[in-house]
Amino acid sequence: MTTTAQPETSGTDTDDPSGSTKNLPPPQDHPKENGEDAAASLKYSLLGPSLLKAGQDTVDQSKVSEIIYNASRGSKFFNREEARDKSLTAKIDQILSKKRQLEKLDLGYELRVADSLIAQLELSRDLSQHIVHVDCDAFYAAVEQLDRPELKDLPFAVGGGVLTTCNYVARKYGCRSGMAGFVAKKLCPELILLPINFDKYTAKAGEVREIIAEYDPNFESASIDEAYLNITDYCTRHAMAPADAVGKMRSEIHEKTSITVSAGIAANTRLAKICSNMNKPNGQYVLPSERVAIMEFMRDLPCRKVNGIGRVFERELAAVGIHTLGDICSNRQYLRQLFGEKAYEFLVHCYLGLGRTCVKPAETYERKSVGTESTFRDMSDPTELRNKLRRTSEDLEQDLRRAECKGRTLCLKVKLHTFEVLTRQVVLPRAVHLATELYSHALPMLTKLEQEIPGMKLRLMGLRSAG
């Protein structure tokens, strides 16, 4: 069944605008956390980056986090996450300390700067385009089920050591992409694990894209199972409402490929991406292209619902009182000082519900470079260096998401304790943006540097993605 929702309706229970993790909100940070607070923040972090995946609305996330905590305790994964969580807590302490200092100052200038930016961005608002984000439902699992229909009502996932996706039956147990296989088995002992078959998924994705191209020949692939379209011209030529055109496209995809897709229809890519998750699976959501409707929609939206705000940035924002996008406005005088110019402008764009209206094939985009780096006290321990590289990869993923781009060239930059700067780069077989992929490609470069420079001590590390 396909549905078209309007923002004034509640949509489906799968993913309403107010969020689906009310039973486990981001932990509240304080300058000095006790052991219980630290454990709570770690348990929330262990839920992983796919916490808001569709199909988990009935899941008790606090119970899931407890199982993950106990099942992974003592493992390398647990120790790494614990170290990351302590590091994030320390960073948040610094953010809160800086905010307390700012609260003592006259921030009139910061308010004027923020209000000027908001007024300037409002002038750029474009409500003339019909942008669509199409997302295949549990794609790898859906393709596997075509070959094995007997799995329809059984919990199964694709992947081994780490799940790449799982069907909606498995999601009811709390299983999700990015989760370790042994942890998923603790949540759902009956879980069936299937091996990955990229050739099969690529072939099916090609079938879906052939249909999408009929509605927008210049559609933009965001990944193997999702795409952006601009159907403004199609709707004009066929005298169709956007919702009707997308409903027709989704029906054709299901009829010709036997898989279902969900879609979001809005004024720009950022909004369409959010909306495509509102009525999953096999549904669509329309956000009217009206400023008032958009502002109301964004006002109560949890920050984590926005592409580019992950679990780390979510917790940093929550610590200073920003839980929904509407909270950004009331805290706008602090944003630039606390999070920097780039994050500040990104957050203001999110608050206003602004995003790209230009949709075109990824290969036609101008070559874009996105990077991140940080300095620290001299570090030589191999484990610490790898943890630092992993965190840098995660930071770069968030920056790439905000810039809405991927890269095929990855550059590692390091500064030795002698202040000598070294760079190494690799050309990847395909464009990537996920932290796990960035890390896996960057690690050999770091390892080779360690071999070239025995006892290497670093004081800076950075990663840059281009092309």
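Modeller: Let us begin with burial: a residue counts as buried when its relative accessible area is under 20%. This model is predicted. Tyr234 has a relative accessible area of 5%, so Tyr234 is buried. Tyr215, at 3% relative accessibility, also counts as buried.

Biologist: How are the rings of Tyr215 and Tyr234 placed, with their planes at 40°?

Modeller: Planes under 30 degrees apart count as stacked, over 60 as edge-to-face and the rest as tilted. The ring centres of Tyr215 and Tyr234 lie 4.5 Å apart and the planes are at 40°, so this pair is tilted. Tyr215 belongs to helix α8 and Tyr234 to helix α9 (residues 232-238), and the two are 19 residues apart.

Biologist: How many aromatic pairs are there by this rule?

Modeller: The count comes to eight aromatic pairs. In one of them, Tyr140 and Tyr201 have ring centres 4.1 Å apart and planes at 10°, so the pair is stacked. Because Tyr140 lies in helix α5 and Tyr201 in helix α8 (residues 198-215), the pair ties together parts 61 residues apart in sequence. Tyr140 counts as buried at 13% relative accessibility, and Tyr201 is buried at 0%. Ring pairs also join Phe139, Tyr140, Phe198 and Tyr201 into a cluster.

Biologist: Which residue lies over the face of Tyr168?

Modeller: Arg171 does, at 4.5 Å from the ring centre.

Biologist: How much space lies in the second largest pocket?

Modeller: About 510 Å³ lies there. Among the 22 lining residues, those closest to the pocket centre include Tyr168 and Gln145. Helix α5 gives the largest share of the lining, four residues.

Terms used
Residues are numbered from 1 along each chain as its sequence is written. This is a predicted model: local features need pLDDT of at least 70, side-chain atom pairs count only at pLDDT 80 or more; totals for chains, interfaces and linings use all residues. Side-chain values use heavy atoms; hydrogens and water are left out. On a 1 Å grid over the protein atoms alone, a cavity is a set of points where a 1.4 Å probe fits but cannot get out, and a pocket is an open set with protein on both sides within 12 Å along at least five of seven lines; lining residues have an atom within 4 Å of a point. Grid points are joined across faces, edges and corners, and a volume is the space filled by probe spheres set on the points. Rings of Phe, Tyr and Trp (its six-membered ring) pair if their centres lie within 6.5 Å; planes under 30 degrees apart count as stacked, over 60 as edge-to-face and the rest as tilted. Buried means under 20% relative accessible area, exposed over 50%, partly exposed in between (1.4 Å probe, protein chains only). A charge sits over a ring if NZ of Lys or CZ of Arg is within 6 Å of the ring centre and within 35 degrees of the ring normal.
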